[in-house]
Amino acid sequence: MSKPYLVVEWNDTETDAQGWLVVHNFVKGYTGGGTRMHPSVTKEEVERLAEAMAYKYVASESETTGGCKAGISYDYKAPDAYDVLRRFLIAMMPYIDNGVSLGSDLGTKYEHVLEIFHEFGVDIPLTQSMKKDPAVLQGIKDYDDLLTKRIDGLLVNDVVTGYGVAFSADEAWKFKNGKEGAKVVIQGFGCVGASCALKLSQLGYKIVGISDANLLVTCEDGLDVQKLIDHKNVYGEMDKDYFEDNYEVRPNTDWLDVDCDILIPCALEDVINAANAEDVKASLIVEAANIPISAEGDEIIKRRGIDIVNDFVANLGAVRAYDAVIFGLVEADPQAVINDIERLCRKNVFRLFTEAKEQNRYQRDVAHEIFKPVKSDLMEYRAEPQKAAAQ
Ligand SMILES: NC(=O)c1ccc[n+]([C@@H]2O[C@H](COP(=O)([O-])OP(=O)(O)OC[C@H]3O[C@@H](n4cnc5c(N)ncnc54)[C@H](O)[C@@H]3O)[C@@H](O)[C@H]2O)c1
């Protein structure tokens, strides 16, 4: 891992929450990433996630944005989780107001982040020069409008990443000449896991196992993803009362025991590690979550010859949608945005798998070369002329 450009540490005044803002790089004074809240968050994790964001913007063909991440070590289900997020964002406001664009991530909601920004007179965070650019301001209005729209009954913001992951999985599986109706196991049923499961089932895959924070549900004949979505709660937890008679409910720690062709982690980091990487049954892992395989786990996956589409290649949907709409590359129409993400994910996966095959190398190693961030500049800061001093 290379060193981050900027690390800001925060200690809450009212709870024991701690948080970090890590900027890996700026491009044209701008950087983007989500804000994560979970009791297990550490500074090192936020640094790794910020670096992954920098690669993700390159894979998204962004000319305008570097990578950053924010993380708060706190229980996202605590009654005061919103207040903790608010105090954290207040502390980060000087950066946010100068081109550090923070969105949501695991354990936080985008509408909450935006609500807090609005309270302090900030819309989507921009650099000072972007704030004066009418085209960017229009792009933001278009993006805000896009976020209120739905596709397949789900909010656009809740599908862009998951659908991109599904297209990436489909492209990789076809590259491998995989059989039709392949069996998929998904860990996590939040924005990403649920929409990924839905798109894959639309594409003809059989979703045979899904886990959430409470349980694992399996069915050899395939789960009814739409019904599971219709009855999940805001935390991405499924409702057992709506499971079919032929579903089996097991502890969520059993997720690697289910026989499958494709495994898609859509929840936490380091969930495949030295202790369980030998148990993976799939021949393809698609990383929807950021950094879901630990370094030790990755050595085992690589040695076993399991193919992977790594995180910043598979899960760039939200980043691409944001960049493409705000900077006017794509029309702010839900289907146009999804088509653009499909095109980009398929193109990147095809290139990655082709080069990895030609070089007989592990996909992750090749991805780190293809999408290496090379641009890095300063935070844009323009002081207003000091009137008093000039007089
Ligand atoms: N939301 C996005 O657009 C986006 C973009 C890129 C990457 N990601 C990454 O994808 C992952 C999921 O993000 P999200 O937005 O869907 O989060 P989310 O908060 O909407 O959902 C998280 C899901 O994980 C489940 N979960 C928590 N602990 C679990 C456990 N021990 N076992 C199984 N499931 C567990 C929760 O029940 C929930 O279903 C994160 O790693 C995030 O960084 C998200």
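Q: Which helix gives the most to the shell around the ligand?

A: Helices (H or I, at least four residues) and strands (E, at least two) are DSSP runs, numbered from the N terminus. Here, helix H7 (residues 191–202) gives the most, with 3 residues. The model is predicted: local features need pLDDT of at least 70, side-chain atom pairs count only at pLDDT 80 or more, and totals for chains, interfaces and linings use all residues. Residues are numbered from 1 along each chain as its sequence is written.

Q: How many residues surround the ligand, and which are the closest?

A: A residue is near a molecule if its C-beta atom, placed from the backbone, lies within 6 Å of it. The ligand is surrounded by 26 residues, and Gly188, Gly190, Gly236, Ala267 and Ala289 are the closest. At least three shell residues come from each of domain 1 (6–131) and domain 2 (155–370), with bounds from an automatic or database domain assignment.

Q: In what order do the strands of the open sheet lie?

A: Strands of a sheet pair through backbone hydrogen bonds, either parallel or antiparallel. Two strands count as paired if DSSP finds at least two bridges between them. In this open sheet the 7 strands run S11-S10-S9-S8-S12-S13-S14, with mixed pairing. Strand S11 (248–250) and strand S14 (307–309) are the edges, each pairing on one side only.

Q: In which sense do S8 and S12 pair?

A: Strand S8 (residues 183–187) and strand S12 (residues 262–265) are parallel, over 4 bridges. Gln187 stands opposite Pro265 in S12.
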